[in-house]
Amino acid sequence: MVIGGVVLIVGGFGIWAVSNRGDEPYIYIKMNEGTASTTYDSMNNVDATMYGGAQWKNEEDCVEGKCVYLDGVNDYVSIPDFGLE
Ligand SMILES: [Ca+2]
């Protein structure tokens, strides 16, 4: 899965399996580390990697905590195939 392609400041995302809607998300990536190019999944260790120069922003530029800035050119955040059907 790739998230990107437009100018975005991302504060995190979750992915719910359809069959689990209403329960905890299968993946929950807060995107609040603020350093390096890995942002970690809190649920099942499906960690995401930032590409294309995606940048961390500090609290003053984000809704809550730190966040990821995508410049709209070639930035994206990718998670590995985690076998969800
Ligand atoms: Ca870029």
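**The nonpolar core**

Analyst: The largest nonpolar core has 12 residues in all: I27, I29, M31, V46, A48, M50, A54, C62, C67, V68, L70 and V77. A nonpolar core is a set of buried Ala, Val, Leu, Ile, Met, Phe, Trp, Tyr and Cys residues joined through C-beta atoms within 7 Å. Two or more residues come from each of β4 (27-29), β6 and β8 (67-71), and β8 gives the largest share, three residues. Strands (E, at least two residues) are DSSP runs, numbered from the N terminus. This is a predicted model, in which local features need pLDDT of at least 70, side-chain atom pairs count only at pLDDT 80 or more, and totals for chains, interfaces and linings use all residues. Residues are numbered from 1 along each chain as its sequence is written.

User: Which residues of strand β6 are on its covered face, and which on its uncovered one?

Analyst: In a regular strand the side chains alternate between the two faces of the sheet. In β6 (residues 48-51), A48 and M50 form the covered face, T49 and Y51 the uncovered one.

User: With which strand does β6 pair over two bridges?

Analyst: Two strands pair if DSSP finds at least two bridges between them. β6 pairs with β5 (residues 38-39) in the antiparallel sense, and T39 stands opposite A48. Three bridges also join β6 to β9 (residues 76-78), again antiparallel, with T49 opposite S78.

Definitions and conventions: Buried ≥ 20, exposed ≤ 12 C-beta atoms within 10 Å, placed from the backbone. Helix = DSSP H or I, 4+ residues; strand = E, 2+ residues; numbered from the N terminus.
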